[in-house]
Amino acid sequence: MTLPKPEDLIIHSLGECRFPSPLQLGAASGEYHGEFMSDAAKVRFHVELERLEGRPDDLFFERAGPRERLFFDPSKVKAAIVTCGGLCPGINNVIRSVFLSLKYNYGVPEVYGIRYGYRGLNPAYGDGFIPLTHEMVENIHLHGGTFLGSSRGPQPVEVMLDALAARGIDMLFCVGGDGTQRGADALAQSARQRNLPLAVVGIPKTIDNDIPYVFRSFGYGTAVEKAREVIAGAHAEAKGAPNGIVIVKLMGRNAGFIAAGATTASQEVNFAFIPELPFDLDPPNGFLAHLEKRILQRGHAVIVVAEGAGQHLFGDLPVERDASGNIKHHDIGTYMRDRIIAYFRERRIEANVKYIDPSYLIRSVPANCDDAQLSDRFARYAVHAAMAGKTDLLIGYWHGLFVHVPMHLVTSQKKHLSPKSSMWLSVLAATGQPVLMVNEPVLETTAS
């Protein structure tokens, strides 16, 4: 990731905090019932001191938490929640916890859900505002998906802002990935230009775990857990047939965290491929030669490939994008399947090849215990930030602590899995695959 400057970490505020918090917390350290968080509380950007040579050591995030004084009078607040982009385990947990924190911790009288993402803020699609009640959200955390619905793609910023202003919305909680947060950033900036006291707070949602300044986003752990179950089935399939080969394609457009996490959790994967590392298929050092050696020696193989891996193998095919502006990747899973079948057929070696793509099943399940807890904490820290009048920020998770991250930092880059990281070294140790399967020298990746 690009190293920020101290001024890049400053959090925008709507103004003076004039109202006392209704939370029954202490103002001094050591009180048994918890304490308020001061704006002076910081979290150091760097924790590995031996790596600070030549780098500024005065970089700090503002720590997240409840403030003793609030910008908004809770009894007069109108809040709204919007969920955008693809599904992810834990979205309903976030919706529910934002509502409960606003309603019962702060006493906010009106909380709205926005239907089907940002399009719910565009009157051209109808009225997207629905008043939320306890009965509506009581059990939604037991189900996958998003109770509010979702959509991809931007909407006109001024149109969305007009819709929020017309409803008198004071704070908007935006649950989504980088595209969602770009929209949130644009809304916050436009509100400042119009002098509208609107707090816009982002809650990071990405099953790929690729949002910067968030060590682990909610839903990732559940995705890895479910992917491991799929890999266990793939392993059984591979061992159940002569020269059985099973390819499992997992989500990960630009980052290989799910593929790597599921591989190390499973310990039954023989080859794993991620977007951050190029590879060749053809001999002498390409993947197919190594796969042949594996089959001849062991008689079965399990292959995990992230959806964004191997895109360089498709040459100059035209680039297409989805409604959110993301590049539509070519299907590396079916491509590898077909190449494997052709390779073994040419060599007259029996191979029973199967292909599994569980992506939509993995992302639509309810959150597991860890992700349920993480979702709840992201949601409640977002509410604390908004009530204090903080805006244009995302709730980050840095070195085990929750922090306020300026939105422009989040939207300017993506998080990647470094081939030098302990996580990728664990993948290599678990699979036994070569470090690189390429026939030509490659430039070192700049992924962080």
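**Strand S9 and its surroundings**

Mentor: Let's begin with the pairing: strand S6 (residues 78–83) and S9 run parallel and are joined by five bridges. This is a predicted model, where local features need pLDDT of at least 70, side-chain atom pairs count only at pLDDT 80 or more, and totals for chains, interfaces and linings use all residues. Residues are numbered from 1 along each chain as its sequence is written, and side-chain values use heavy atoms, with hydrogens and water left out.

Trainee: What is the mean pLDDT of the protein chain?

Mentor: The mean is 92, and 93% of the residues reach 70 or more; pLDDT is the predictor's confidence in each residue, from 0 to 100. Over residues 442–448, however, the pLDDT is below 50.

Trainee: Why are S6 and S9 called paired strands?

Mentor: Pairing takes at least two bridges found by DSSP, and here five bridges join S6 to S9. A strand is a DSSP run of E with at least two residues, a helix a run of H or I with at least four, both numbered from the N terminus. On S10 (residues 199–204), S9 has six bridges, again parallel. Phe173 is the bridge partner of Ile81 and also of Val201 in S10.

Trainee: What makes S9, H4 and S10 a right-handed β-α-β unit?

Mentor: With the strands pointing away from the viewer, the path from the first strand over the helix to the second must run clockwise. S9, helix H4 (residues 178–193) and S10 make such a right-handed unit.

Trainee: Why is S9 described as largely enclosed?

Mentor: Six of the six residues of S9 (residues 171–176) are buried, so the rest of the structure largely encloses this strand. Buried means under 20% relative accessible area, exposed over 50%, partly exposed in between (1.4 Å probe, protein chains only). In a regular strand the side chains alternate between the two faces of the sheet. Here Met171, Phe173 and Val175 are buried on one side, and Leu172, Cys174 and Gly176 on the other.

Trainee: How do you know that Thr391 is buried?

Mentor: Its relative accessible area is 1%, which falls under the 20% cut-off, so Thr391 counts as buried. Thr391 is found in strand S17 (residues 390–391).

Trainee: What does the side chain of Thr391 reach at 3.3 Å?

Mentor: That side chain reaches the backbone oxygen of Leu198.

How values were computed
Contact means heavy atoms within 4.5 Å. A polar contact is a pair of N or O atoms within 3.5 Å; within protein, one must be able to donate a hydrogen and the other to accept it, and residues adjacent in sequence count only if both atoms are side-chain atoms.
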